[in-house]
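Welcome! Please take a look at the sequence and the model before reading on.

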Amino acid sequence: MSESGCQRCSKPGPLGRLYGERGGPMVCFECGSRVLADITKAKKHHKRVIESLGAGLMRSSAEPGELSLELLMEAITLTHPDKHPPERLALAQSVTSALLALRPYVKPAPKPPSLESQPPPIRARAPVAAPHISTPSTDAKPLPESYPCAECRHTVPHYYCDICREKYDAKNKQEREKVAAYARDLRARKRARWRAKCLQCAIVFQPKRRDSIYCTAGCRQRAFRARVTDQ
């Protein structure tokens, strides 16, 4: 850093090299930022020009409305010095040389498609009468829209619109019902494998709960009387 004046605006203040460690004149912060911004802008413009030229050179044929190679050759034929009198010889030579210089940068016109490459025409079939087919009713429901919509596609379900939120809740409800149905079926299959022996009548039965010890309410009541009431 230096305290002398800027080499661009002559303002005193803290200065530094324009290109940092690579060197450059001593400038202030404002002048350095302005110069670097102009350099970046120029580089971007140069890159766009190079890309546009590259895209134009990569094309194999000229687009409609552009100068094609065939049109350029016809113009060279018309401006050739052999077809003009001696008083226009210098002008014809200069125009012809300028047109010849454009020849490497001009693309040929696109060739018209041949008849062999075109697909065969599709013949229209005669309409078949179908009296047994009824016409669709006018009050049919429209096709469902895309879910989620274009506005809700890039956000979370909490901020969905009313229609998308309704579809989201219906979809979640259907998935929860599917999981609950699977759990109920799993519990029923497990209960079908349970076996227990009644402590009152010694009969093997299928309990509804794992801690069931009596097969019926009558056995439970008889066991209670034998345990409490009879004593």
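**A first look at the protein**

T96 counts as buried because its relative accessibility is 7%. Please keep in mind that the model is predicted.

**Around T96**

- T96 sits in helix α3, which covers residues 89–101.
- Setting aside neighbours within four places in sequence, the residues in contact with T96 are I76, T79, H80 and P81.

**Overall layout**

- The protein contains five helices and four strands.
- Following the sequence, these elements come in the order β-β-α-α-α-α-β-β-α.
- Of the 231 residues in the protein, 15% are buried.
- The accessible surface amounts to about 20,000 Å², and carbon and sulfur atoms account for 58% of that area.
- When contacts between residues at least 6 apart in sequence are considered, 22% of them link residues at least 24 apart.

**Confidence of the prediction**

- The average pLDDT of the protein is 79, and 76% of the residues reach at least 70.
- Confidence is highest in helix α4 (residues 162–192), at 90, and lowest in α1, at a mean of 76.

**Nonpolar cores**

- Eight residues form the largest nonpolar core: C6, L15, L18, M26, V27, C28, C31 and V35.
- Both β2 (26–27) and α1 (29–58) contribute at least two residues each to this core.
- V35, a member of this core, is in contact with R8 and L18 once neighbours within four places in sequence are left aside.
- Another core lies apart from this one and has six residues, including A196, C198, C219 and A223.

**Cysteines and disulfides**

- A disulfide is a covalent bond between the sulfur atoms of two cysteines.
- How many disulfides does the count give? The count is zero, with a pair of cysteine sulfur atoms needing to be within 2.5 Å to qualify.
- C6 shows why: the closest cysteine sulfur to its own belongs to C9, at 3.7 Å, which is too far for a bond.
- C6 is also buried, because its relative accessibility is 4%.
- C161 takes part in no disulfide either, and its nearest cysteine sulfur, in C164, is 3.5 Å away.
- Is C161 buried or partly exposed? With a relative accessible area of 28%, C161 is partly exposed.

How values were computed:
Residues numbered from 1 in each chain as written. Predicted model: local features only at pLDDT ≥ 70, side-chain atom pairs only at ≥ 80, totals over all residues. Heavy atoms only, no water. Core = buried A, V, L, I, M, F, W, Y, C linked by side-chain atoms within 4.5 Å. Buried < 20%, exposed > 50% of the residue type's maximum accessible area, 1.4 Å probe, protein only. Contact = heavy atoms within 4.5 Å. Areas by Shrake-Rupley, 256 points an atom, 1.4 Å probe, with all protein chains shown as cover. pLDDT = per-residue confidence, 0-100.
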